[in-house]
Amino acid sequence: MGDLYRLTASQITSGVRNRDFSAEEYICEILDRIEKVEPKVNAFVTVNKEQALNQARILDRWIRDGGNVGPLAGVAVSIKDNICTKGIRTTCGSNMLREYVPPYDATVVTKLQNSGAIIVGKTNLDEFAMGSTTEFSAYGPTRNPWDISRVPGGSSGGSAASVAAQECAVSLGSDTGGSVRCPASFCSIVGIKPTYGLVSRYGLVSYANSLEQISPMGRTVSDAALVLDLISGPDEKDHTTTATPAIRTTGGDIGTGADADKRGLRVGLIKELTAGADAEVSRIVYGAFDLLSSHDCSCTEVSLNAVDYALASYYTIATAEASSNLARYDNLRYGFDMDPEGYEWNTYFAKARSNFGPEAKRRIIVGSYVLSSGYYGKYYLKAQKVRALLKQELKSLYKDYDVLIAPTMPILPFKIGERVEDPLKMYLADVDTVIANLAGIPAMSVPAGFSAGFGVGVQIMADEFKEQTMLQAAQIVESGAGVNRSPDL
Amino acid sequence: MGWLSRLELSDQELDRYTAQIEEIIRYLDKLDSIPLEDIEPIYITKKFTDLRKDKAELFSSNPLGTKYRKNGFVKGPRMA
């Protein structure tokens with residue numbers, strides 16, 4: 001064989017089920033691939049070699065004995081290292097959790113395992129998911145598989161790179177302000193941020209819990225949609241999940257599923273975001289716009305006025321929630337070896353927390369400031385009102401449009417180290433993605449073209465719980481754009 | 001601000017972060033330039049009876065990584 005690692009999730013499951021090849025053969029190839037490319041890419045914090053091989057062997061025996069297998073049987077999956085995996089170290093890219101081994105699995109991990117998927121490792125991320133380049137990890141930066149001198153995007157850079165470099169078939173990341181869509185665009189793969197509440201966050205280490213969602217990533221729309229189907233649904237352990245029935249997003253051609261609307265989609269292209277992007281990015285986004293137009297969709301340019309304030313609102317709310325969520329890292333219940341003997345509480349707490357990286361520290365400080373007495377009304381309350389305004393504006397647009405499109409990132413991937421000392425410049429790159437997190441709507445990035453050797457993703461956003469409509473549009477772009485390559489590694 | 005956040009910052013860090021954080025806060029001041037008097041924030045409410053039962057779950061393995069213990073308790077720094 002020798003190239004099983006190139007297969008999509010559905011091809012792997014079908015191959016394993018029909019015994020064209022064994023799960024063990026496939027996982028061995030995946031692990032060899034990881035060993036080969038990791039020195040260049042650094043996508044993984046922990047590789048789960050022994051357990052993955054054992055699980056593959058157990059699956060093969062089960063199939064030989066005539067057992068039924070799940071829809072992801074044998075598929076190699078990587079998990080972002082801020083999602084808890086029982087018995088597998090989970091660091092959140094931080095020194096604060098360097099030796100932390102969770103005693104439980106996140107709900108999404110249990111669901112993936114029940115469907116037969118095999119976890120091959122935990123992927124690198126910006127510390128506690130705070131960042132857009134995966135340069136803020138305590139475990140070294142991840143590199144873009146298309147050009148290893150450049151960033152893969154973040155904070156789920158390890159997940160995106162592992163999929164793009166064919167070190168696994170699919171991955172789970174988390175998206176708080178674009179952390180899955182950004183690296184999906186920079187690494188030229190598909191990333192889907194679901195509607196807030198569609199997927200359980202139980203087991204996701206919190207950064208900004210009113211904004212984040214666990215999000216699937218894959219090399220095709222169909223693979224990512226398959227994973228989304230399997231991980232979504234209400235969970236008693238996460239009361240922000242909703243009781244709406246699980247959305248069926250798969251079943252062959254998404255566009256002709258039983259519930260799919262047969263008329264052409266009404267597509268709105270967000271003017272402000274497209275105008276604000278680099279010329280090459282705009283060109284490719286307009287290309288996707290034209291593609292949709294030629295497929296019976298009615299396409300118009302639209303205005304979203306709240307765009308101007310969305311980024312300020314996001315960074316106020318996200319840093320505020322981060323300062324609260326990261327207060328639990330007191331180094332007593334989990335952390336690193338530092339004897340509390342002789343210390344006074346506040347001093348110990350402050351000293352232990354000096355082990356956070358620079359970006360985590362900056363966000364904690366900004367977050368404490370915007371919540372502090374005298375400033376709460378000026379920043380946090382206003383940010384929440386802007387959020388409400390944005391949501392109102394979007395609801396109104398979705399009366400006339402099925403999907404809204406925009407660039408995923410306003411720029412192409414830049415060199416590693418280029419923006420690391422300029423946090424505000426880094427934040428400004430999130431302008432296209434934060435909208436969907438603030439409003440809680442589903443949004444995804446799908447590769448729409450190439451420029452100077454880099455993929456450019458187009459972002460597609462739909463109304464709450466309209467993932468199926470969003471995926472319909474995505475499939476049109478995917479088949480029309482015909483982006484079908486992998487980096488040479 | 002370092003103290004409010006309970007973060008011990010070195011002199012180098014203070015030098016580096018002060019200007020960066022000031023720039024970020026100035027950007028957040030943008031929120032002052034949009035009229036918001038008639039807007040209410042979104043609230044999502046849940047009935048207390050809809051929350052799951054407060055039932056303790058015992059983990060078979062030892063979930064706490066710290067070795068600093070005494071008489072079945074985790075040892076911590078003294079309160080001021």
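In the predicted model, A:Ile79 stands opposite A:Leu172 of strand S4 in chain A. Strands, like helices, are DSSP runs numbered from the N terminus (helices are H or I with at least four residues, strands E with at least two). The pairing of S4(A) with strand S2 (residues 76–80) of chain A is parallel and comprises 3 bridges; two strands pair if DSSP finds at least two bridges between them. With strand S6 (residues 213–218) of chain A, S4(A) pairs in the antiparallel sense over 6 bridges, and A:Ser171 has A:Met217 as its bridge partner in S6(A).

Strand S4 (residues 170–175) of chain A is mostly covered, 6 of its 6 residues being buried. A residue is buried if 20 or more other C-beta atoms lie within 10 Å of its own, exposed if 12 or fewer do, and partly exposed in between, with C-beta atoms placed from the backbone. In a regular strand the side chains alternate between the two faces of the sheet. In S4(A), A:Val170, A:Leu172 and A:Ser174 point one way, and A:Ser171, A:Gly173 and A:Asp175 the other way.

Residues are numbered from 1 along each chain as its sequence is written, and chains are lettered from A and ligands numbered from 1 in the order in which they are written. As the model is a predicted one, local features need pLDDT of at least 70 and side-chain atom pairs count only at pLDDT 80 or more, whereas totals for chains, interfaces and linings use all residues.

The strands belong to an open sheet of 11 strands in chain A, with mixed pairing and the order S1-S3-S2-S4-S6-S5-S10-S11-S9-S7-S8. Strand S1 (44–47) and strand S8 (298–302) of chain A stand at the edges with a single partner strand each, so one side of each is left without a neighbour in the sheet. From one strand to the next, the twist averages 30 degrees.

S5(A) runs antiparallel to S6(A), with 2 bridges, A:Gly218 in S6(A) being the bridge partner of A:Val190. S5(A) is also antiparallel to strand S10 (residues 443–451) of chain A, with 3 bridges, and A:Gly191 stands opposite A:Ser445 in S10(A).

Of the 11 residues of helix H7(A), 10 are buried, so H7(A) is largely enclosed by the rest of the structure. The helix is followed by A:Gly233, whose phi is positive, near 130 degrees. Residues A:Val221, A:Ala225 and A:Leu228 of H7(A) meet A:Glu467, A:Leu471, A:Ala474, A:Gln475 and A:Glu478 of H16(A), where contact requires C-beta atoms, placed from the backbone, to lie within 7 Å. The residues of this contact divide into 5 nonpolar, 1 polar and 2 charged. Ala, Val, Leu, Ile, Met, Phe, Trp, Tyr, Cys and Pro count as nonpolar, Asp, Glu, Lys and Arg as charged, and the others, Gly among them, as polar.

Between the chains, 40 residues of chain B are in contact with 47 residues of chain A. Helix H1 (residues 11–28) of chain B gives the most to the side of chain B that touches chain A, with 8 residues. That side has 24 nonpolar, 7 polar and 9 charged residues.

Methods
Contact = placed C-beta atoms within 7 Å. Axes fitted to C-alpha atoms, helices over the stretch in contact; angles between N-to-C directions.
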